[in-house]
Amino acid sequence: MPAADPKFLKYVDEHEDAFIARLKAAVEIPSVSGNLEYAKDVERMADWLVGQLTDLGVKAEKRGIGKHTLDGKEVDLPPVVIGSIGNDPAKKTVLVYGHYDVQPALKEDGWDYEPFTLTPDPKTGRLYGRGSTDDKGPVMGWLNVLEAHKDLGLEMPVNLKMIFEGMEESGSVNLDKFIESEKDKFFAGLDCMCISDNYWLDTKTPCLTYGLRGVNYYEIKVSGPDRDLHSGVFGGTIHEPMTDLILLMSKLVSPTGEILIPGVKELIAPVTQDEQEKFEKIHFQMSDIQGAVGGDQTLTDDTIKTLMGRMRNPSLSLHGIEGAFSAPGSKTVIPCSVKGKFSIRTTPNLGVENTTELVLKYINDEFKKLGSKNRCEVSLGHGGEPWVTDPNHYNFRAAHKATVAVYGQEPDYTREGGSIPVTLDFANILGLNILLLPVGRGDDGAHSTNEKIDKSNYINGTKLLGSYLYELAAEKKD
Ligand SMILES: [Zn+2]
């Protein structure tokens, strides 16, 4: 028995057009956070959102979070929009997060549509436009839920708090400070949290996401002579930095993807029975990844190993060499200093600190073995911790039931191979169970040209978000 009020579900079906019009109005404001030219539009978007929320009965406001430097100018950061509705101690209180800023988009980038005009394709049911899926679609989904309840005179099943930020696409600067400063004020009394800012793994199966990999980015700098040299004159007479660097980089990862840094493999958390079962149930075919890659270069034909390789095991990728000769032609230069770049996608137990310790020790030891007279420095550029939460928490059970009720199928339980850094800020500071509940599909093209959301995902997504709140209210706390 679905817990959601049938009147709510019916309302959503009957108001498709109005909901699409709301998304259209949101997409029309080009709230690009990464470009000073759009600063006024970002502010306008925040005002628009506060206006919508207020009309829907939410106590909403903009909050300044300091300044930053954009395009060489010191300017105010886009405000966060916070809102709350309901304050019944008998109900659960849930925090939802979304972002109202978007990635840049120009028609000339290769869009088939005006990026800031929501354009429906009646044949496919797709709604094209920047922000349609990332993340205005899901944010409008929450507003649609509020509208239905207000118009029908239905009580919300939970107390709802909302935070919508305007800086997600540009690094969420100062959001952590805001969360910290409001921990015992706006964020007091929360039971759990829901973030709608990721995607289904494929195009058919709804999913709930309970983990993210971290990422540590490293640089190995090998330097020797104080100027670039000619191989005809100096080849065969000196220790060449590039030769040392290539050797070091070759010792980081095997061609089969095995990380060769001692101690890393040993830290990987063992696969639990529950985890194994969740991976076995994921709807996934090798052709999905081959399609996305554009060829068959997969490390294995085993779907579970492939999924675990992407979601729950660490990986090491070599990215490039700065200072190397890379132009076309056959220049006979010996570069005097080169920097090799690589990163490790990390999983639980592989924190930034302990992983970095292993990396530095290994590369320095290997460099000593070379007997080279060059200098070698290894450094961490930036590090982000991995995150995983309990997928059997009542927060997830509620979303599971809501998914079954709306889509008639069980959700996949996934973990993202990439990172969503704000998740970590909320998790660390507020100590909550966080559910990542995607609305859009795996092929929506967030950040890309022709970004879209399928109409069915937007409408069913609205039902899903609303139903989740009802299921949450009905769920027994652990
Ligand atoms: Zn996003």
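Modeller: One term to start: a polar contact is a pair of N or O atoms within 3.5 Å; within protein, one must be able to donate a hydrogen and the other to accept it, and residues adjacent in sequence count only if both atoms are side-chain atoms. This is a predicted model, so local features need pLDDT of at least 70 and side-chain atom pairs count only at pLDDT 80 or more, while totals for chains, interfaces and linings use all residues. Residues are numbered from 1 along each chain as its sequence is written, and side-chain values use heavy atoms, with hydrogens and water left out.

Colleague: What are the domains?
Modeller: Domain 1 covers 6–212 + 386–474, and domain 2 covers 214–268 + 313–384. The bounds come from an automatic or database domain assignment.

Colleague: How many residue pairs are in polar contact across their interface?
Modeller: Zero, with both residues at pLDDT 80 or more.

Colleague: What touches, then?
Modeller: Seven residues of domain 1 contact seven of domain 2 (heavy atoms within 4.5 Å).

Colleague: New topic. How many aromatic pairs are there?
Modeller: Nine. Rings of Phe, Tyr and Trp (its six-membered ring) pair if their centres lie within 6.5 Å; planes under 30 degrees apart are stacked, over 60 edge-to-face, the rest tilted.

Colleague: Why is the pair of tyrosine 11 and phenylalanine 19 tilted?
Modeller: Because their planes are at 40°, with ring centres 6.3 Å apart.

Colleague: Is phenylalanine 19 buried or exposed?
Modeller: Buried, at 0% relative accessibility. Buried means under 20% relative accessible area, exposed over 50%, partly exposed in between (1.4 Å probe, protein chains only).
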